[in-house]
Amino acid sequence: MRLCSSVIHLLMRCLRGCSRQTRGHMLGRLREPLSYISLIMQSLCYNSLTNSDVVTDSLFEPVFWMVDILTRWFGKVFVFLVVTLTSSVLLIAYVSILPLALRTYSIGWLAWHVCYGHWNLVMIVFHYYKATRTSPGYPPKMKNDISFVSVCKKCIIPKPPRTHHCGICRTCVLKMDHHCRILFRKTIYFSGASAVHSFVFHYFILITQLKWCCRLDYLYSAWLNNCVGHFNHRYFFFFCLYMTLGCLYCSISGRNLFIDAYNAIDHFKHMDVEKQGVPVTGEGLLIGILPQESMTGKSYQRETSSYTFKDRMFHKSIIYMWVLTSTVAVALGGLTAWHAILISRGETSIERHINSKEAKRMKKRGKVYKNPFNYGKVNNWKMFFGVEKRSHWLTRVLLPSGHVPYGDGLTWDIYPLKKDMIPV
């Protein structure tokens with residue numbers, strides 16, 4: 001009996017130990033996610049600079065993550081749409097407008113339109129191709145002696161000046177301006193110890209800037225499916241500029257054709273609505289109010305017989321081309337003007353928000369903030385275009401050129417003195 005009781009007592013102690021181990025194991029498995037949740041909650045108020053913007057940004061993180069995925073998937077689709085719409089305008093110009101111009105314009109005007117139109121087309125195609133196929137530039141991921149200003153919290157690599165992380169490309173980009181996209185996503189920039197949160201609606205021009213956790217990121221259509229950085233920023237700007245000039249050219253030169261096509265379609269549409277029914281014949285009270293032969297169905301058929309399907313398609317294609325090019329000229333013209341202002345200031349789209357916040361912060365301290373990358377309006381444009389001598393205004397600005405920009409995008413002490421570095 002004593003032996004049995006001892007065995008039972010030993011088994012009970014083992015069961016108690018197992019239950020304690022099981023409970024300890026379960027608590028150990030729960031301790032890790034609970035610690036992670038606690039760390040997340042503590043990170044929302046990790047210092048005095050944290051505010052409601054950081055909390056809201058954390059809550060909206062899944063939405064931004066979905067936006068990045070959609071942008072990455074639909075980038076090629078929008079590139080295809082850009083190529084298709086541009087090709088449709090060219091098809092209308094060559095098939096419909098060029099034969100009409102050959103019969104209408106004088107030799108001088110015809111030579112002007114042919115030369116300017118094809119020069120503009122070459123510049124658009126060249127810069128669009130280079131903007132989509134040229135890498136924006138990435139910082140080295142291996143250990144090096146290059147100076148850096150911070151460490152990317154996602155790439156875990158040193159970030160040189162003017163370098164920012166792109167959520168679409170999943171890497172840091174040298175002198176990042178933006179990534180072409182169609183939806184909104186978050187933007188958190190760190191300048192010193194302060195976090196900048198901006199909500200920007202940027203379509204025709206920069207309309208307003210609100211302090212919030214996310215922004216409409218420029219409503220750029222995803223034209224490039226590429227990040228705009230140090231090595232392809234010039235191609236992107238020239239594409240916007242020459243596409244705007246090309247759309248303005250089509251809109252202005254095709255204005256009279258658009259008015260004539262619209263009036264023709266409107267005229268025959270009204271005649272179709274006012275078409276008479278079966279003519280009434282005979283004598284009676286209706287004789288005095290019967291329509292004349294010029295207003296009967298026979299006369300209508302004679303007039304509309306000359307308005308063929310080819311004429312109808314010609315007029316509709318003219319209207320389509322004019323509306324499309326005019327709309328793009330207005331929208332893209334505003335975007336191009338805004339980027340021209342940024343280039344004049346020696347800024348990128350991202351640095352614009354950082355510098356504005358820094359200027360406000362320095363103003364509260366009674367100081368004036370100066371952009372260290374601003375060398376004056378003229379010199380900023382010379383550096384951006386890569387102009388080193390007078391002939392470069394022709395070979396590098398007015399003609400297609402694949403030259404690389406100044407510097408390597410890692411260091412920005414190329415011109416330490418604020419003077420006319422390039423006397424051209």
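Helix α4 goes past helix α5 in a left-handed crossing. Keep in mind that you're looking at a predicted model. To describe two packed helices, you give the angle between their axes and the distance between the axes. For α4 (residues 107-133) and α5, the axes come within 8 Å and cross at roughly 150 degrees. Angles over 145 degrees count as roughly antiparallel, so α4 is roughly antiparallel to α5.

Who touches whom here? On the α4 side, the residues include Tyr-116, Trp-119, Met-123 and Phe-126, and they meet a set in α5 that includes Phe-236, Phe-239, Tyr-242 and Gly-246. Sorted by class, this contact has 15 nonpolar, six polar and one charged residues.

Now stay with α5 (residues 233-253) and look for its contact with α10 (residues 377-385): these two pack at an angle of about 105 degrees, with axes 9 Å apart. They are therefore roughly perpendicular to each other. In this contact, His-233, Arg-234, Phe-237 and Phe-238 of α5 meet Trp-381, Phe-384 and Phe-385 of α10. Those residues split into five nonpolar, one polar and one charged.

Next, find α8 (residues 309-345). Its 37 residues reach 54 Å from the first C-alpha to the last, close to the 54 Å expected at 1.5 Å a residue. Just after α8 comes Gly-346, with a positive phi of about 70 degrees.

Finally, the UniProt record (an unreviewed entry) annotates "transmembrane region" at residues 77-97, 109-129, 188-212, 232-252 and 319-341. Residues 77-97 are 100% helix, with end C-alpha atoms 29 Å apart. Residues 319-341 are also 100% helix, and there the end C-alpha atoms are 33 Å apart.

Definitions and conventions: Residues are numbered from 1 along each chain as its sequence is written. This is a predicted model: local features need pLDDT of at least 70, side-chain atom pairs count only at pLDDT 80 or more; totals for chains, interfaces and linings use all residues. Side-chain values use heavy atoms; hydrogens and water are left out. UniProt positions are given in the numbering used here, feature names are shortened, and annotations may be inferred rather than shown by experiment. Helices (H or I, at least four residues) and strands (E, at least two) are DSSP runs, numbered from the N terminus. Axes are lines fitted to C-alpha atoms, for helices over the stretch in contact, and angles run from 0 to 180 degrees between N-to-C directions. Angles under 35 degrees count as roughly parallel, over 145 as roughly antiparallel, 65 to 115 as roughly perpendicular and the rest as oblique. Contact means heavy atoms within 4.5 Å. Ala, Val, Leu, Ile, Met, Phe, Trp, Tyr, Cys and Pro count as nonpolar, Asp, Glu, Lys and Arg as charged, and the others, Gly among them, as polar. The expected span of a helix is 1.5 Å times one less than its number of residues. A crossing is left-handed if the near helix is turned anticlockwise from the far one by less than a right angle, and right-handed if clockwise.
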